[in-house]
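Here is a short briefing for a reader who is new to this model. Keep the structure open while you read.

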Amino acid sequence: MWNMFFEQAGQLRAEGEPFVLATVVACQRPTAAYPGAKALIRADGTLTGWVGGSCAQPTVMQEALKALADSKARLLRISPALQHSTVPQEGVYDFVMTCASQGALEIFIEPFLPRPELLVIGETPVAQALARFGALLDFTVCVSDPAATRERFPDADTLYAHLEAVRTRVNPRSYVVVATQGAYDEEALEAVIDTRAGYIGLVASGKRAATIFQYLRDKGIQSERLQRVKCPAGLQLGAVTPPEIGFSIMGEILQLRRSHVDQAAAAARAVTPAADMLPDTAAVMPDMEMVDPVCGMSVQVAGARYTSAYDGKTFIFCGAGCKARFDHEPERYAEGSRRGL
């Protein structure tokens, strides 16, 4: 079993697919989990392994997906009563154990994300500097140029001779820099301009860039596509030499990358919606969670098994027990939900 588990983790890492490893680090009986128990959670919500039953799993799943969004590990403490500390502990999150067993668990959530990718087009001194800085910052570095050699780019993970290979590789985690500097700027930018790259930078003067952009307009490239291109690429640091220019570009890429992580973290901390969320609204937001009005547990809307309708609203429950209690006294729990109890 464990061999298959770690083989799957290794395969996902090799394929560049993000996932989370959840490990039980402590527990208090009664609980179905045990220290050292593990689960692997993929971005689509697929869970392989075991870290607890239906009381713990929704919380683990919820926090695993947040960890994939904000790239931060966290320790989950799930117990019958919230643990209050006089000093906030970074990365430690407390949740109430709502199941009748009243056991307790501590689970470490660790995201494994693909390395960001730097795609450099060109074999100029600036391109060489970019490859060095990209490797230093733990990017996967790919260089494309017919003249690119391992001697000139010892830090590159992959060398391509043709632009088409680069174009097919680009994804939202790719940061692309065209550093051909007059050799074949137009063709290089045209190859990546309509890809899903997270960043496209062009090393060129304003006058040269205007010529390149006009060429692309004449080729039918829309203006909004051209507006995606950062030119001149890099932070305005007064860079002059190729290493300085490469440093300024990687600084800009790092700044952009970290700002995206911060935005994802803010989104992951968003408030759980109220329990009177209508079904049609939930349908267009499949990652949404709602609070079980009986026990207070957060339950993912998509694929919810236990639901009840009352007073024109839909309520979602963690299990059959909470649903039965609600159906017996719906007015009591519906009113409590509206009050935020």
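In strand E6, isoleucine 109 is the bridge partner of arginine 74. Strand E4 (residues 74-79) and E6 are antiparallel partners joined by five bridges. Two strands count as paired if DSSP finds at least two bridges between them. Helices (H or I, at least four residues) and strands (E, at least two) are DSSP runs, numbered from the N terminus.

This is a predicted model, in which local features need pLDDT of at least 70, side-chain atom pairs count only at pLDDT 80 or more, and totals for chains, interfaces and linings use all residues. Residues are numbered from 1 along each chain as its sequence is written, and side-chain values use heavy atoms, with hydrogens and water left out.

**The whole protein**

- The protein has 11 helices and 16 strands.
- Of its 341 residues, 41% count as buried. Buried means under 20% relative accessible area, exposed means over 50%, and partly exposed lies in between (1.4 Å probe, protein chains only).
- Take the contacts between residues at least 6 apart in sequence: 54% of them join residues at least 24 apart. A contact means heavy atoms within 4.5 Å.

**The mixed sheet**

- E4 and E6 belong to an open sheet of six strands with mixed pairing, in the order E3-E2-E1-E6-E4-E5.
- Strand E3 (47-49) and strand E5 (92-96) are at the edges; each has a single partner strand, so one side of each lacks a neighbour in the sheet.
- From one strand to the next, the twist averages 25°. Axes here are lines fitted to C-alpha atoms, for helices over the stretch in contact, and angles run from 0 to 180 degrees between N-to-C directions.
- Nine bridges link strand E1 (residues 19-28) to strand E6 (residues 104-112) in the antiparallel sense. In this pair, cysteine 27 is opposite leucine 105 in E6.
- E1 also pairs with strand E2 (residues 38-42), antiparallel, over five bridges. Here phenylalanine 19 faces arginine 42 in E2.

**Helix H2 and glutamate 63**

- H2 lies across E1, E2, E3, E4, E5 and E6, and runs at about 165° to E4.
- Glutamate 63 is in helix H2 (residues 57-70).
- Is glutamate 63 buried or exposed? Glutamate 63 counts as buried because its relative accessibility is 3%.
- Not counting residues up to four places away in sequence, glutamate 63 touches Arg74, Leu76, Phe95 and Ile109.
- Two of these names return from the opening: arginine 74 and isoleucine 109 are bridge partners.

**The parallel sheet**

- Another open sheet of six strands has parallel pairing, in the order E9-E8-E7-E10-E11-E12.
- Its edge strands are strand E9 (158-160) and strand E12 (229-230), and each pairs on one side only.
- Helix H5 (residues 185-192) packs on this sheet and touches E7, E10, strand E11 (199-202) and E12. The direction of H5 makes about 165° with that of E10.
- Strand E7 (residues 117-121) and strand E10 (residues 174-178) run parallel, joined by five bridges. Isoleucine 121 is opposite valine 178 in E10.

- Alanine 197 sits in the loop between H5 and E11. Its relative accessible area is 6%, so alanine 197 is buried.
- The C-alpha atoms of alanine 197 and valine 170 are separated by 5.9 Å, although the two residues are 27 residues apart along the chain.
- Neighbours within four places in sequence aside, alanine 197 is in contact with Val170, Asn171, Ser174, Val176 and Arg228.
- Valine 126 lies in helix H3 (residues 125-136). With a relative accessible area of 2%, valine 126 is buried.
- Valine 126 and threonine 241 are 115 residues apart along the chain, and their C-alpha atoms are separated by 8.4 Å.
- Beyond four places in sequence, the contacts of valine 126 are Ala179, Gln181, Val203, Pro242, Ile245 and Ile249.

**The cavity**

- A search of the whole structure finds one cavity of 30 Å³ or more. On a 1 Å grid over the protein atoms alone, a cavity is a set of points where a 1.4 Å probe fits but cannot get out; lining residues have an atom within 4 Å of a point.
- The largest cavity has a volume of about 30 Å³. Volume is the space filled by probe spheres set on the grid points, which are joined across faces, edges and corners.
- Its lining residues are Gln128, Ala131, Arg132, Arg152, Phe153, Pro154 and Asp155.

Definitions and conventions:
On a 1 Å grid over the protein atoms alone, a cavity is a set of points where a 1.4 Å probe fits but cannot get out, and a pocket is an open set with protein on both sides within 12 Å along at least five of seven lines; lining residues have an atom within 4 Å of a point.
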